[in-house]
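Here are some notes to read alongside the structure, written for someone opening it for the first time. Have it on screen as you go through them.

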Amino acid sequence: MSATLVTDDFTRLRTCAVFAPGREFERLLPEHIEAAVSDGKGGLKPNPDYLLFDDLVHPAALSVEHADLRNVLTAAIGADNLVDLRDLLQRILWEDELRKRVVDAILQLEIELFGGHGAHVRDALIALPPAQLAEALVIGCAANSSVPLLRWPMPNWLFARDCFAVAAGSVILGHPSRRARRRDGLLARAIVRYHPMFSGADVIDVETATGESGPRCFEGGDLVLPADGVALIGIGLRTNDAGAKAVAHALQVRGFHTVLGVRLPKRRGAM
């Protein structure tokens, strides 16, 4: 990994990670875009299957728009410096032990969120070749199949910045606060931990960094570097106090002289 320091958000971009939309958007259904559902008593309750999208998207149009973005980035940094999260994930799945470790972590999450999964699912996932397994973990079902292996697709990986950020030569591993993004965070964490691209990189892990005890939530989209040695961390719907303080402490240790927490209203429009 390049040793170039990301001292502020105006540093020349050298490498960029993106996520090209695919079949996961075909599995985005009406029940995934409702924040609340009936509680059966005339009221509403949070929808456990809400995937944070307010409307269904047109996959073909989305792919065209994303291709335009890739063309702009390619012109700026070169094709060799534009990487896709799918490709990074596929690379770590070539190793048998890592493949099992990643699958077991994902299935453990399924148990935590939904109470379990079919006994056949682990064997079915482990048996897939690396490229197909990467797709299955993102889409939630095997290639050329509509039979679900995992309960949800992962459309939110489109927002690649949220699972991690780069600052002061360090990769910051976040921890999503929303159920819908927990698998996103697990796979992003596996990429940073095991992909050769990040070998030797300094990693700030929000889950284990020095700071307050208790649940820590942080997303990379809440970090802004307006000037050399200055960081702003939004605290609101996605990043909580404990997560922000853990990142702030880690950045100060690495030379940031000013780290400010910015209170944001806890609503989607203020993310």
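This is a predicted model: local features need pLDDT of at least 70, side-chain atom pairs count only at pLDDT 80 or more; totals for chains, interfaces and linings use all residues.

1. Let's begin with a sheet. Three strands form an open sheet in the order β8-β9-β10, and the pairing is mixed. At its edges sit β8 (223-227) and β10 (258-263), each of which pairs on one side only. From one strand to the next, the twist averages 25°.

2. Now zoom in on β8 and β9. Strand β9 covers residues 230-235 and runs antiparallel to β8, with 3 bridges joining the two. If you want a spot to look at, leucine 223 stands opposite isoleucine 233 in β9. Helix α7 (residues 241-253) packs on this sheet and touches β8, β9 and β10. The direction of α7 makes about 170° with that of β9.

3. Next, the rings. The model has 4 aromatic pairs. In one of them, phenylalanine 19 and tryptophan 157 have ring centres 5.4 Å apart and planes at 65°, so this pair is edge-to-face. The two residues come from distant parts of the chain, 138 residues apart: phenylalanine 19 is in the loop between β1 (16-18) and β2 (36-38), and tryptophan 157 is in the loop between α5 (130-139) and β5 (164-167). Both phenylalanine 19 and tryptophan 157 are buried.

4. Phenylalanine 25 and phenylalanine 53 make another edge-to-face pair, because their planes are at 80°, with the ring centres 5.8 Å apart. Phenylalanine 25 belongs to the loop between β1 and β2, phenylalanine 53 to the loop between β3 (44-46) and α1 (59-77), so parts 28 residues apart in sequence are tied together. These two are buried as well. Through ring pairs, Phe25 and Phe53 also join Phe159 in a cluster.

5. While you're there, have a look at leucine 158, in the loop between α5 and β5. Which residues does leucine 158 contact, leaving aside its neighbours within four places in sequence? They are Phe19, Pro21, Phe25, Leu62 and His66. Serine 145, by contrast, is 13 residues from leucine 158 in sequence and 22 Å from it in space, C-alpha to C-alpha.

6. On to charges: the whole structure holds 21 salt bridges. One of them joins aspartate 49 to arginine 151, with the closest N and O atoms 3.0 Å apart. Aspartate 49 is in the loop between β3 and α1 and arginine 151 in the loop between α5 and β5, so the pair ties together parts 102 residues apart in sequence. Aspartate 49 is buried at 17% relative accessible area, while arginine 151 is partly exposed at 39%.

7. Two further salt bridges are worth checking. Aspartate 184 pairs with arginine 181 at 3.1 Å between the closest N and O atoms. Aspartate 184 is buried, at 0% relative accessible area, and arginine 181 is buried too, at 4%. Glutamate 95 and arginine 91 meet at 4.0 Å, N to O; glutamate 95 is partly exposed at 41%, and arginine 91 is partly exposed at 36%.

8. Cysteine 163 is buried at 5% relative accessibility, and cysteine 217 is buried at 12%. The count of disulfides is 0.

Key: Residues are numbered from 1 along each chain as its sequence is written. Side-chain values use heavy atoms; hydrogens and water are left out. A disulfide is a pair of cysteine sulfur atoms within 2.5 Å. Buried means under 20% relative accessible area, exposed over 50%, partly exposed in between (1.4 Å probe, protein chains only). Two strands pair if DSSP finds at least two bridges between them. Helices (H or I, at least four residues) and strands (E, at least two) are DSSP runs, numbered from the N terminus. Axes are lines fitted to C-alpha atoms, for helices over the stretch in contact, and angles run from 0 to 180 degrees between N-to-C directions. Contact means heavy atoms within 4.5 Å. Rings of Phe, Tyr and Trp (its six-membered ring) pair if their centres lie within 6.5 Å; planes under 30 degrees apart count as stacked, over 60 as edge-to-face and the rest as tilted. A salt bridge is a side-chain nitrogen of Lys or Arg within 4 Å of a carboxyl oxygen of Asp or Glu.
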